[in-house]
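Welcome! Here is a short tour for anyone meeting this structure for the first time.

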Amino acid sequence: MSEEEIIQSSEAQIAVHWKEEEYIYPSAQFIAQANMTEPHVYERFSLECFPECFKEYADMLTWYQYWHTTLDTSDAPCWKWFVGGRINVCFNCVDRHLPRNKNKAAILYVPEPEDEPHVALTYQELYVRVNEFAALLKEFAEIKAGDRITIHMPMVPELPITMLACARLGAIHSVVFGGFSGKACGERIADSGSRVLVTMDGYYRNGKLLEHKEKADTALEVAQEKGQAVDKVLVWSRYRGKYVSKAPMVKDRDYLVGDLLKDYVGKRVDPVSVPAEAPLFLMYTSGTTGSPKGCQHSTGGYLAYVTGTSKYVQDIHPEDVYWCMADIGWITGHSYIVYGPLALAATSVMYEGVPTYPDVGRPWRIAEQLDVNIFHTAPTTIRMLRKAGPDEPQKYNYHFKHMTTVGEPIEPEVWQWYYQAVGKGEAVIVDTWWQTETGGFLCSTMPAIEPMKAGSAGPGVPGVHPVIYDEDGNEVEAGSAKAGNICIRNPWPGAFQTIWGDRERYVSTYYAKYCKNKGSKDWRDWPYFTGDGAVQSQDGYFRILGRVDDVINVAGHRLGTKELESASLTVQEVAEAAVVPLADELKGRIPDMYVSLKPGYEAGQEIEGKVVKAIETIIGKMARPKHVYVVPDMPKTRSGKIMRRVLAAISNTMDIGDVTTLANPEIVEEIRKMVQGEGVVATKEGSEDLKHFGEEG
Ligand code: PRX
């Protein structure tokens, strides 16, 4: 498909012209086995039954002490769930399954090299390995409840082992996506105040054994500059007993976990009982301005929510083989590879590498070999697999009952391929819309209750009550075909508790916009602002249009414009930088960077290279811009604000609109020619997020 077609068929342009897709119904076979088939589940989870309805999810867990207050709003809008309850997440995901399921695979690990054997970790083995590592953390690293630990690891079983060991001790983990640079990791270490970093020597990606440990050295330097000393770096090995990194081990700071574990063989550590509202983990995500924010997730509320939604929306049964192809370094992996599935005693598959290695049949081969029956991935991956191997799935003998899409809007034609080719017309699809902040799903169809509609996430999941507001806070009616800001009327147990160390930013970013009374302790006065645009059709299904703020969703990864721009500004020659989203056939959106230079410097490829390099080192390779344009000046308002909207229109060949009121209107045509070439190029109908990009603030 050409870029033009992509832009035209993109989700986000809809508003008034949105064509309704046909309903597709789940099979009788699926319904017959589904965990949740009662349409009246929505009544049980109605606002009248709120917040007590969520007892149903909390009761899926094993508590040391039952709670006395389901929802405490006294510190609004920092909500506390299941107050008075005491619980341990590791006990719920591991220990409690031993009596009945100790011999069952908890994790099926697929290394990227196809000649390396799969690893099946039973619940008993997971129990042993988590205990030994927890003992090491407790005794050697002196970790106790409430301490933060940064984990910078790839997709290996030692990653969930490390997370569960932290949870066993009541320590707060902060997992940084393995693809992030050492610098990005260091900033997160500093912000979270971690004095221990857990990392790995190397891992496979696209056929190459990548160096990873060297990032720890940069991370520690950066953390130190920001005033945070790390006293221990614990390094897991990709191959037991070997060290595959070239980075030297620093004496009295870096330790090979394999060596240390010899002293902890057979050790057991009692799970620490923590209050339900104790933080379980931090997950950093990008926002409109400033540095990434550490979303602080709770213990009891979070686990209850991901367990309940894994059971009802993911339809996970203990006998299922469930494969979510996300990375555990993102929220999807936390909630729907590790915590939700393991709390349900499921078998969760983990794959180390890229889906197209060594060829585009790999995912389907894995599905066939492991007899996966629930599959979960993102539109970017679906688009990529469709483009590279549209007929591949049919060559393999696997059968999915259920498939998930997450992270970005999915184009109806891509959805159709997912349904027909990947799902072989047999599997239900849930399009789950949610965010790092929300811990678990916000909108999705209930797979056995409602029909699917390509490109629509569906209604709010039980207990989540979304509403669309216009800029003035008026409700936008379902079926009005008008887009607006999608918000959630009520709190839910999976919602993050605050931004680590920055409550003010938490309140102003997520709750200030539509707050009805800032002094109120009533949750009804505090709708949650998601930062996404949406339309709701007559049937109540929501269609998500993309971000309304300055966040670019690249292949389902959130990048803040400010982060990208400040990285470019570290290049000595660069005076100003402005980044905009470019519609991309595979990745949905991709950054396009515009820079202007300080006086006395010449434009040239060298500068473009420097900007790309700076972004890769400061953020990571996934943030690499498609183009770097060195422009003579930025289009600016008379007050000096860079008009990112104009640049976004140029990058995406959209209508630039009226620019006569700018301080330097002539520059617009100059930049347009530079990007689009000489002559007039027909403009395309752009999508909502592209049209309004950069208008906020
Ligand atoms: O814009 C929405 C988009 O991804 C954003 C959240 O990104 P992140 O915090 O990285 O979490 C991704 C995984 C949950 C949202 O604000 N998004 C997420 N899911 C969907 C989506 N857009 C459309 N459809 C979805 N299903």
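How many of the 697 residues of the chain count as buried? The share is 65%, where buried means under 20% relative accessible area, exposed over 50% and partly exposed in between, with a 1.4 Å probe and protein chains only.

## About the model

This is a predicted model, in which local features need pLDDT of at least 70, side-chain atom pairs count only at pLDDT 80 or more, and totals for chains, interfaces and linings use all residues. Residues are numbered from 1 along each chain as its sequence is written, and side-chain values use heavy atoms, with hydrogens and water left out.

## The chain as a whole

The chain holds 22 helices and 32 strands; these are DSSP runs numbered from the N terminus, with helices being H or I of at least four residues and strands E of at least two. Along its principal axes, the C-alpha trace spans about 75 × 60 × 60 Å.

Contact means heavy atoms within 4.5 Å. Among contacts between residues at least 6 apart in sequence, 73% join residues at least 24 apart.

## Around the ligand

Now to the ligand, which is surrounded by 17 residues, each with a heavy atom within 4 Å of it. The closest are Asp431, Thr436, Asp532, Arg547 and Arg558. The shell divides into 5 nonpolar, 7 polar and 5 charged residues. Here Ala, Val, Leu, Ile, Met, Phe, Trp, Tyr, Cys and Pro count as nonpolar, Asp, Glu, Lys and Arg as charged, and the others, Gly among them, as polar.

A nitrogen atom of the ligand is 2.8 Å from a polar backbone atom of Thr432, and a nitrogen atom of the ligand is 3.0 Å from one of Gly407. An oxygen atom of the ligand lies 3.2 Å from an N or O atom in the Asn553 side chain. The protein covers 96% of the 540 Å² of accessible area that the ligand has on its own, by the Shrake-Rupley method with a 1.4 Å probe. Strand 21 (428-432) and strand 27 (542-547) are the elements that give two or more residues to this shell.

## Two residues to look up

His334 lies in helix 13 (residues 331-343). His334 counts as buried because its relative accessible area is 0%. Its side chain reaches the backbone oxygen of Ile328 at 2.7 Å. Not counting residues up to four places away in sequence, His334 touches several residues, including Met163, His173 and Phe281.

Ser596 belongs to strand 31 (residues 588-597). Ser596 has 4% relative accessibility, so this residue counts as buried too.

Definitions and conventions
Polar contact = N/O pair within 3.5 Å; in protein donor to acceptor, adjacent residues only side chain to side chain.
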